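The questions of interest are which residues take part and how the elements are arranged.

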Amino acid sequence: MSQRTGNIKFYSGEQIPLELHKARIVQKLHLVPIERRLQALREGGFNTFKLDTKDVFLDMLTDSGTNAMSDNQLGAMMVADDAYAGSQSFVRYQKAVKEVLGKEYLLPVHQGRAAENIISKTYVKKGSIVPMNYHFTTAMAHITQYGGQIEELLYDEAYEISGKHPFKGNMNLEKLRECIEKNGKENIPYIRMEASTNLIGGQPFSIENLRGVRKIADEYGIRLVLDASLLGENAWLVKQRESEFSNSSMKEIIQTMTGLADIVYFSARKLSSAKGGGICTNDQKVFKEMEPLIPLFEGFLTYGGISVREVEAIAVGLYETLDEDMIRQSPEFIEYLVNSLEEKGVPVVTPAGVLGCHVDAMRVCSHIPQTEYPAGALAAAFYLISGIRGMERGSVSNQRDEEGNETYADMELLRLAVPRRVFTLSQIKFVIDRMVWLFENRELIGGLRFVYEPPVLRFFMGELEPINDWPEKLLAKFKEDFGESL
Ligand SMILES: Cc1ncc(COP(=O)(O)O)c(C=O)c1O
């Protein structure tokens, strides 16, 4: 098992990640009894988004807005300049964007999906096609909302759950060219590249690949948009895996990536561990095209719906993205979790990526057809037996097609997010312990069906029910094996 906590070796030879931070503010957690967990699932429609945190032990739903903030971020929040217009906090945010991301013009937005709304509203129209390495739920919902369609153009290896390819998030360049030729460049408002493709296991793209995309974009005169929400971790993996950059600084790598894109947008909830977002560019024309939409949808141009305190925290967080000791912590814990589960036979997406560990529900629940949502069922079952909340990233997270038919996901994954600097190693060991038990008892997990299905982004608010009494049987087996243990 390879681990890389800087240059620190354990005398024992043990290879485990080491925290390069200390906890100074802590939050008490509760692990409620399994009977209460079953009740909580029933109340929440077997949808982990609808659980209350009072019923959740380890919250591995997402890293969005849940990364631990640093002392410097919290300190900066205390000196925020509270002004509707012309806030100096925004000036510091602009400066950070320029110095870290290398972009002159910044439009603040309240979170990542707001950036997706502004960009789609400005450039997407009926009949538009947006090629991308892979979709993200909200990115796709905004594009389709304005009458566009997406085309996902990955290489085949991206769809192999267990693999060794270091850059499964690479855009398939041959398919990109074909897509432009087939649809006509005039129908393609932009190409979207997502750093560390969220929905297929947090897998990065290489800079070599991004350069290839840029070259094609230039040939046809098409804009390149970079979703930089998970840029820091993608850059860190470039440093580990792409030889040209093994001696480069994080700043050089990040700016090489952002320098290849015309528009960069991000969820600051992820990129800089504080709640907000942004769109940035060096192209004044592009900036002016989107600018009027900010006061309309988000707020004035110097806060964009973000509290000024968070604006300060975003600025500091952007600089901290350049700190390798900070950025490596989550991917190293993920690598430990992924490798430990794999060693014990639990099918997971490999190589370990960023954001979280992704368990292959299609294989764990091979007895559950996709029509009964194996990833949703695994998420519910795992919460039931552990109190750990993960997120379904499979067909429940997909949207129906224009005729209302189900579109089944390429992968049925349970994502266990590992937000930065939040969990300890013993908590990660608990995750491994309970997941191994569930894997050994996997035949007791059953399917789900919708009882309430909202038309848009159904995974957030949808409610499901088990197709039979499998949760009760799973609970009984847990009691048999663990007795009164929580
Ligand atoms: C890659 C990616 N893009 C966009 C978003 C949307 O950001 P937000 O949740 O801040 O709206 C996310 C959020 O998880 C994301 O992972």
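The shell around the ligand is made up of eight polar, five charged and three nonpolar residues. The model is a predicted one.

**Ligand surroundings**
- There are 16 residues around the ligand, and those that come nearest are Gln-111, Gly-112, Arg-113, Ser-229 and Ser-267.
- Two or more residues of this shell come from each of helix H4 (112–123), helix H5 (137–145) and helix H10 (268–271).

**Strand pairing**
- An open sheet of three strands runs in the order E8-E10-E9, with antiparallel pairing.
- Strand E8 (356–360) and strand E9 (391–393) are at the edges and have a single partner strand each, so one side of each has no neighbour in the sheet.
- From one strand to the next, the twist averages 30 degrees.
- Three bridges join E9 to strand E10 (residues 413–417) in the antiparallel sense.
- Opposite Met-391 stands Arg-415 in E10.

**Helix contact**
- The angle between the axes and the distance between them describe two packed helices.
- For helix H17 (residues 374–386) and helix H20 (residues 470–482), the packing angle is about 35 degrees and the axes are 10 Å apart.
- The crossing of H17 past H20 is right-handed.
- On the H17 side, Ala-381, Leu-384 and Ile-385 meet Pro-471, Leu-474, Leu-475 and Phe-478 of H20.
- By class, the residues of the contact of H17 with H20 are seven nonpolar, no polar and no charged.

Notes. Residues numbered from 1 in each chain as written. Predicted model: local features only at pLDDT ≥ 70, side-chain atom pairs only at ≥ 80, totals over all residues. Axes fitted to C-alpha atoms, helices over the stretch in contact; angles between N-to-C directions. Helix = DSSP H or I, 4+ residues; strand = E, 2+ residues; numbered from the N terminus. Left-handed = near helix turned anticlockwise from the far one by under 90°. Contact = placed C-beta atoms within 7 Å. Nonpolar A, V, L, I, M, F, W, Y, C, P; charged D, E, K, R; others polar. Near = placed C-beta within 6 Å. Pairing = 2+ DSSP bridges.
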